Amino acid sequence: MRTVRVVRPVAAMILIVLGAGCGSIQLASTRESLAPPLEPVHRKVRIETAGCGLAPDRTGSGVAIEDGLVLTVAHLVARADNLAVSVGSRESVNAVVTALDLNLDLALLRIPPNDIPIIQMSSASKGAGGLIVGGAASGTVPFVIKEVVSLSIEEILGTERHSRLGYELEAATSTGDSGAGAYDDENRLIGIVFATGREDGSTWITASAEIEGFLAAH
């Protein structure tokens, strides 16, 4: 198993590999439905923040996971006074934070109803490919999973460290793409972007298993 340590601050994330070994992490595949998944381009979300948050007056990304709900990263919206959200090609609307997990770096936003169906999620394995869709900075970019990893990260607004499951991707993302969705070749969400390694072209995403736990709790 590979463990990755993330050192804050958010504006200049440094990611350090602590160790590597044999074996793999098994992630559950859940949230299936009979209807085919909605194309990710219709779920992409652009988020504009204003206020005294960790990234005030900045632009970030998110995923429309179902009717009136948007998933993003907590470090984008924590302490923001105002949030403006646009889903797909729709006009911008106001959003409010309805759930925030500072340990997992996940946030749930509520917006007016938009008839988006419930998202399907899945796990993936090393070597699998797909697309990151809706990055506010990079748009749509391809990825290949380099490793299934255990992510060690300092909690948002705190100093304690917490671990969560995720993936290390080979993908050309940049600042502003945090919160964008990573999808497999069947348009199922496998995770959302939370950090980028600018020097080596790596991108780290929080796994769908952690996302589902967060949604179930809230």
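How many bridges join β8 to strand β9 (residues 106–110), and do the two run parallel or antiparallel? Five bridges join them, and the strands run antiparallel. The legends below refer to a predicted model.

**View 1. The whole protein chain.** The chain holds 15 strands and two helices. Of its 218 residues, 49% are buried. Among contacts between residues at least 6 apart in sequence, 62% join residues at least 24 apart.

**View 2. The seven-stranded open sheet.** The strand order is β7-β6-β3-β4-β5-β9-β8, with antiparallel pairing. At the edges lie β7 (93–94) and β8 (96–101), each of which pairs on one side only.

**View 3. Helix α2 against the sheet.** Helix α2 (residues 208–217) packs on the sheet and touches β4 (59–66), β5 (69–72), β8 and β9. The helix direction makes about 50 degrees with that of β9.

**View 4. Strand β15 and its partners.** Strand β15 (residues 202–207) is largely enclosed by the rest of the structure, because six of its six residues are buried, that is, under 20% relative accessible area. Strand β14 (residues 189–197) is joined to β15 by six bridges, and the two run antiparallel; here Val193 has Ile205 of β15 as its bridge partner. Five bridges join strand β12 (residues 161–170) to β15, also in an antiparallel arrangement. Glu168 has Trp204 in β15 as its bridge partner.

Conventions. Residues numbered from 1 in each chain as written. Predicted model: local features only at pLDDT ≥ 70, side-chain atom pairs only at ≥ 80, totals over all residues. Heavy atoms only, no water. Buried < 20%, exposed > 50% of the residue type's maximum accessible area, 1.4 Å probe, protein only. Helix = DSSP H or I, 4+ residues; strand = E, 2+ residues; numbered from the N terminus. Pairing = 2+ DSSP bridges. Contact = heavy atoms within 4.5 Å. Axes fitted to C-alpha atoms, helices over the stretch in contact; angles between N-to-C directions.
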